[in-house]
Amino acid sequence: MEEIIFLNLSLYAWITIITVLAMFAVLLFTKTPAEMAFLGAIAILFVTGTLSEKETCSGFSNSSVVVIGALFIIVGGLVHTGVLQWITKHLLGTPGSYHKAIVRLMLPVAILSSFLNNTTVVALFVNVVKMWGKKMHINPSKLLIPLSYASGMGGLCTLIGTPPNMIISGMYAEQTGVQMNILTPLIPGLFCLCVGILTMILLSRLLPDRKSAEESFESTGDYTVELLVPTECELVGKTVHEAQLDEVKGGNLIEIVRFDHEIITPVEKDEFIFGGDRLIYSGQINDILELKNTHKLVNAEHHVFSVDEMDKKRKLRTAYVSFGSKAIGQKWTETDFSAKDSLTLVAVSRRGERIQESPRDIVLQAGDTLLLDCPASSKSLTDSVKRHLHFFESDEIPNIGKKTLVSALIMLGMILLSSLKIMTLLQSAFLAALLMVATRCCSLEQAWKSINWNILMVFAGSVVLGTAIEKTGLAQMMAAGILNICGDNPLVVMTAVCLVATVVTAFISNTATGAIFFPIIYNAAITLGCNPLPFCVALMISVSSSYATPIGSPTHMLVYAPGAYRFSDFLKVGLLMNVVILIATIFIVTIVFPLK
C-alpha cells in the first residue's frame, strides 16, 4: 500500500505526534495514572500499525527496564536491613550555621541518591530533616527543597542514580553497540552537584520560612472536644443519626468512648447512644460546644483523646494529598476512604496553617496535610488509599545488625563488578538482587513488594515512545529543524535541545522526556559528525534537572506538603537553578568528552 504523505510527514508520523501530544494533555490536565496514559499511547501505536508487535514489546524487554526492576529489590534489601536508616542517623550531625546545614544535608543525600532510588532516599530523610531542623530552630521549608534538589543532583553521577540515565544509556548502547560504564557521568555529575550546592546557598534567602504543617496538629486539645451523655439524657437509646449527632455544625463525630472503655471508631449512623458515652468531636470547638445546650450534653471530666489513651487498634497519622489524587477538588465525605479504609478525618492543614472549618466541609487540594484517625497498622491500608494519600510513617522498624553490613557489601559489590567491567550492569544487578533474597536481607514477599510495577510500566512505555519517534522519522525531522535554526555549531545545538528538554521535563516524567529526546539529540550529533556521547550525557543531566515546578519530580511532591510550600516557591528558586545547571552541564560535558 502506498504510504500517505501530508506536509512531508507520513501518516504514521502524524499518528505518533497526535498520540504523544494527547498523552501529554492527559498527564497534565487529568488525574489518570501515568502508567495508564503510557499504556494507552502504546495501544494506539500498536493498533494503528505504527509499531510492530516486536517493537511494541521492546520496552518491556529492554535491559535498562529490567535493571531498574532488579534495583528495586536491592533497595528493598537496604531498607529492610536498616542501611539507609543508619546512614541517615549518623550523617547529619550539628552544623554551626544554616549554610553549613545545607551542605551537611545535600552532600550525603546526593551520595546516597547516586546509587539508590532518590524517591526512597527523600522519603527516609523527610521526617529526620524535620526533627533535625527543629533541633536547630530552622523551619522545614528552609531545608526540604534543598533535600529534594540534592537527591536529583546526586542521581546524575551514575547510570543507576536515576531512571533516565538507564534509559538513555540503553538506547545509546543499541545505536552504537558500546555500553556506557556505570561511572560514565560521574565527573559531569559531581561538577553540577558542587555548582548546585553553591547556588542553593546563594539562593537560600529565596526559600520561604514557614512553620511545618504538622505544627498545627501538635496539641490534640486544640481541635478535639469530648462531650458526655448524661444517664438520664433523652438521647439515650437513640441511634447517632436519630439523635442528630453525626453531622453537626462545625464538627465531625470521630469516636465514642463507652463507660466500660470500649472505643467505637469510625462511628456508624446506626450506632446506639448509651448513658455515660463520651462523644469525641473534631472541628470548630466553639460551634461543637453548642451541642451542650441543644442536645443537653455536658463537658467530659478530662480530655481523653490523646495518643496514649486511644484504642491500641487506632492511632493518629499524618498524610498528604498526593498530586493526581482523586481526593483533589472533593470533600472528605465524597471520597470512599472512610468506608474502605476506616479512616476518619480529624483536621486539615494547608501551607502550615490549620483550616478553621469543619473537616468534612473542606474541599481538599494537592499538598494538604490531613490528620487522620486510622487503624494502628499501616498494613491494613489498601493500595488505593496509599496511591492517593502519602503516609510517611512506617510500622516496620528495621533491626540494625549483621544483615545491615551484608546488604551494604552486596550493594558495593554490584557497583564494583559493573564499574570494573567484570560483569555487565544487568548481570551484576541480577546477582545482587539474588543475594539480597538468598541472605535473607529481604524475604521473597518483601522483594516482590519492593518492585514498583507502575513505575516500570512508565519506563517501558517511554522506551516504546522513543522507538516510535525514531522509526517514523520524527527524530530526523526534528533534528534537521534544530540544525536549520541553530546552524552547525555543536554547542548551540546541544544547548538548544537540552534547554527544551529541561522545560518539558518540568511537566512530564523525566524518563519519558529522556526517551523522546534521545533520538533527536543523537541524530543531531551524527548529522553534525560529532561524537554522540557528550550529547547523550548532557541530555541525561538536563532531563533530570527539573527544579522549577513541584510536579517535575516525585521527590518534589514528597516535600511539597511537609514544607508547606506553594507552587511559586519552586519557581523562584528552580528557574534560576535550571539556568545555572544547564550552563554548568554544557561547560563540563564539552571539557570531559571530545565533541569530535
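This section describes cavities, salt bridges and a surface patch in a predicted model. Local features need pLDDT of at least 70 and side-chain atom pairs count only at pLDDT 80 or more, while totals for chains, interfaces and linings use all residues. Residues are numbered from 1 along each chain as its sequence is written, and side-chain values use heavy atoms, with hydrogens and water left out.

Rolling a probe the size of a water molecule over the atoms shows where empty space is left. A cavity is a set of points, on a 1 Å grid over the protein atoms alone, where a 1.4 Å probe fits but cannot get out. Lining residues have an atom within 4 Å of a point. Grid points are joined across faces, edges and corners, and a volume is the space filled by probe spheres set on the points. The whole structure holds two cavities of 30 Å³ or more.

The largest cavity has a volume of about 160 Å³. It is lined by 15 residues, and Ile 68, Leu 71, Leu 116, Asn 117 and Ile 160 are the closest to its centre. Helices (H or I, at least four residues) and strands (E, at least two) are DSSP runs, numbered from the N terminus. H5 gives the most, with five residues. The lining of the largest cavity has eleven nonpolar, four polar and no charged residues. Here Ala, Val, Leu, Ile, Met, Phe, Trp, Tyr, Cys and Pro count as nonpolar, Asp, Glu, Lys and Arg as charged, and the others, Gly among them, as polar.

The second largest cavity has a volume of about 30 Å³. Thr 502, Ser 542, Ser 545, Asn 578, Ile 581, Leu 582 and Thr 585 line it. Helix H25 (residues 567-592) supplies the largest share of that lining, four residues. By class, the lining of the second largest cavity has two nonpolar, five polar and no charged residues.

The model contains six salt bridges (a side-chain nitrogen of Lys or Arg within 4 Å of a carboxyl oxygen of Asp or Glu). One of them joins Glu 55 and Lys 471, with the closest N and O atoms 2.9 Å apart. This pair links distant parts of the chain, 416 residues apart: Glu 55 is in helix H3 (residues 53-56) and Lys 471 in helix H19 (residues 453-471). Glu 55 is partly exposed at 22% relative accessibility, and Lys 471 is partly exposed at 44%. Buried means under 20% relative accessible area, exposed over 50%, and partly exposed in between (1.4 Å probe, protein chains only).

Lys 449 pairs with Glu 445, the closest N and O atoms being 3.1 Å apart. Both lie in helix H18 (residues 444-450), four residues apart, about one turn of the helix.

Arg 258 forms a salt bridge with Asp 277, with the closest N and O atoms 2.3 Å apart. Arg 258 lies in the loop between strand E5 (251-257) and E6, and Asp 277 in the loop between E6 and E7, so the pair ties together parts 19 residues apart in sequence. Both residues are buried.

Phe 272 lies in the loop between strand E6 (263-264) and strand E7 (278-283). Its relative accessible area is 43%, so Phe 272 is partly exposed. Phe 259, Phe 272 and Phe 274 form a nonpolar surface patch with about 340 Å² of accessible area together. Patches are made of residues with over 30% relative accessible area and no salt bridge; like charges are joined within 9 Å, nonpolar side chains (Val, Leu, Ile, Met, Phe, Trp, Tyr) within 5 Å. Accessible areas come from the Shrake-Rupley method with a 1.4 Å probe, and for residues only the protein chains shown count as cover.

Conventions
On a 1 Å grid over the protein atoms alone, a cavity is a set of points where a 1.4 Å probe fits but cannot get out, and a pocket is an open set with protein on both sides within 12 Å along at least five of seven lines; lining residues have an atom within 4 Å of a point.
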